[in-house]
Amino acid sequence: MSRKSVRGGNSNRKSYMSTLLAGFRGMLVFVFGLSGVVNVLALTGAFYMLQIYDRALTSGSVPTLIALSVLAIGLYLFQGVLDVIRSQILVRLGAKLDHQLSPVAYKVTIDMPRYGFSSAEAIERSRDVDTLRGFMGSQGPLALFDLPWMPLYISFIYLLHPWLGTLTLLGAMIMAVLTVATELSTKKRGAKAQQASISRAALADSHTRNADVLKAMGFADRAVRRFEEINTKHLALQTSTTDIGGTLSGVAKVLRMILQSAILGLGAYLTIQGQLSPGAIIAASIIAARALAPVDMAIAQWKNIVSARRSYSRLKETLSALPQEDIHVKLPRPEQSIKLENVAVAAPSTGTVILSDISFELSAGQALGLIGPSGGGKSTLAKAISNVWPLARGNVRLDGADLNQWRDDDRGAYFGYLPQNVGLLDGTIAENICRFEPEPEAAHIIEAAKAAGVHELIVRLTEGYQTLIGPDGTSLSAGQSQRIALARALYRDPFLVVLDEPNSNLDAEGEVALTSAIEGVRQRGGIAVVIAHRPSALKAIDMIGIIQNGRLVQFGPKSEIIQPTINPAVNDQSSSNSHVAAGE
């Protein structure tokens, strides 16, 4: 997946969307046929008026009037039932669409930030499913299903009199031109309004996540003004699009009323000339209104139609970026090594190369400390090893097998990761430690907590392991959150554990627990990779790698890398290296 693949789709293979929607086509064809029956039944009113004026009134027969009325009522009821069934089918199709598309769309949404998309843009993609579901339950699909049956009505009017048919056809053509004008005039504005909405949501999300900073340093008002500026732009585009659609919808309604009156006037003239019966005038007026109603409704619903079409296209492109579901042979649990081969990593959002030609190998029971100046690429390397960021080049191998040979859920069972921002989810402490396993074993949860030295801390809480963390871990301190996240990384004794600045919020007790946890990983034959800025995180480490300017400039045993740099007899250059080794 890439920004290009998500935006542009993948034309080299069958559309994922088309595969998922294959089962819907039969039902849509059925609804189209049902719409045909509904539209035929919509002629009931015209036939009723025609028969009332030309048969019942002229004959003065009450039984004829009653029979016609009972028949018309029956047909109206039948039409109403079919119309309700048609609407209910579309609503349920929308729900089924949501049920099938939401999981896969959300899977892509979770991956999108890894490839440089903003969280707001990713969330917008997941909302496309909601847009399609809402559209299926609206009047939009009904208008689109009714449009193809317009020739039926025009033909009926033409049979009453060619002049009336020609006038109705002319009106339909004018309405069609208005529909095209609506499409052309709102397409670009709608796309710009959508992009402005995404930008506004991204800014609002950024402000919400950094609310404490805005409050503490008193520039919340400036944040509000920034939001107001982008919101004003969004409102201007939204208003412009709505104005155009509303104006054309109003024009369409006026034209439809004018056409109805014109048909009545022309019908009256033809009746005076003896070319048309009085009943035909009313029938033609009713059918003309019915013929143009789908166009009128389509113009009124055009905003929803365009939104649904845009959402469908985006979903099709988004889902086409999903990797093909190949059959993965489940590999055995890794037990020997991790090896990096000429790894290069670029920032997903900009394409800027951050790491180049990183190669090293670690064996079971070893722990690597990655140190170096800020901005050198240590955290980027952690994300590459963890498969969070895609590799631009090279391979990361566990026991000789590339990471891509594992399914995510299989690899996750052998892998533990503690990022800088911790990343606890809304739920209980137990749920977070067990990574929200459906049926976890309490023994494994407690074992992971004890390995992280956090069991005693948890049981001292009022609710213990059932303590609700809240959004972003707001009910816990930074140190508590970091230690619980460490327990999550150690859950079920993963072979590879990657810890990115794991002691940034820890006190002395927490650092002792961290050292013990790293030693525990080594003793059970696992591998630990630790990103460190504080030397205290390196106590249980036996290997050191120094990252500078995106390259691995030194790699080897800790005794060979760090000890010479802290010798007072070394030169100034070595002294400089000691700062690098300490992560300063």
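User: How do accessible areas come about here, and what do they give for the chain?
Analyst: Accessible areas come from the Shrake-Rupley method with a 1.4 Å probe, and for residues only the protein chains shown count as cover. The accessible surface of the chain comes to about 28,700 Å², with 58% of that belonging to carbon and sulfur atoms. This is a predicted model, in which local features need pLDDT of at least 70 and side-chain atom pairs count only at pLDDT 80 or more, while totals for chains, interfaces and linings use all residues. Residues are numbered from 1 along each chain as its sequence is written, and side-chain values use heavy atoms, with hydrogens and water left out.

User: What does the C-alpha trace span along its principal axes?
Analyst: The C-alpha trace of the chain spans about 120 × 50 × 45 Å along those axes.

User: OK, and how many helices and strands are there?
Analyst: The chain has 22 helices and ten strands, which are DSSP runs numbered from the N terminus (helices are H or I with at least four residues, strands E with at least two).

User: Switching to L315, where does it lie, and is it buried or exposed?
Analyst: L315 lies in helix 13, which covers residues 302–320, and L315 counts as buried because its relative accessible area is 1%, where buried means under 20%, exposed over 50% and partly exposed in between (1.4 Å probe, protein chains only).

User: How far is L315 from R125?
Analyst: L315 and R125 are 190 residues apart in sequence, but 7.0 Å apart in space, C-alpha to C-alpha.

User: And what share of the whole chain is buried?
Analyst: Of the 584 residues in the chain, 46% are buried.
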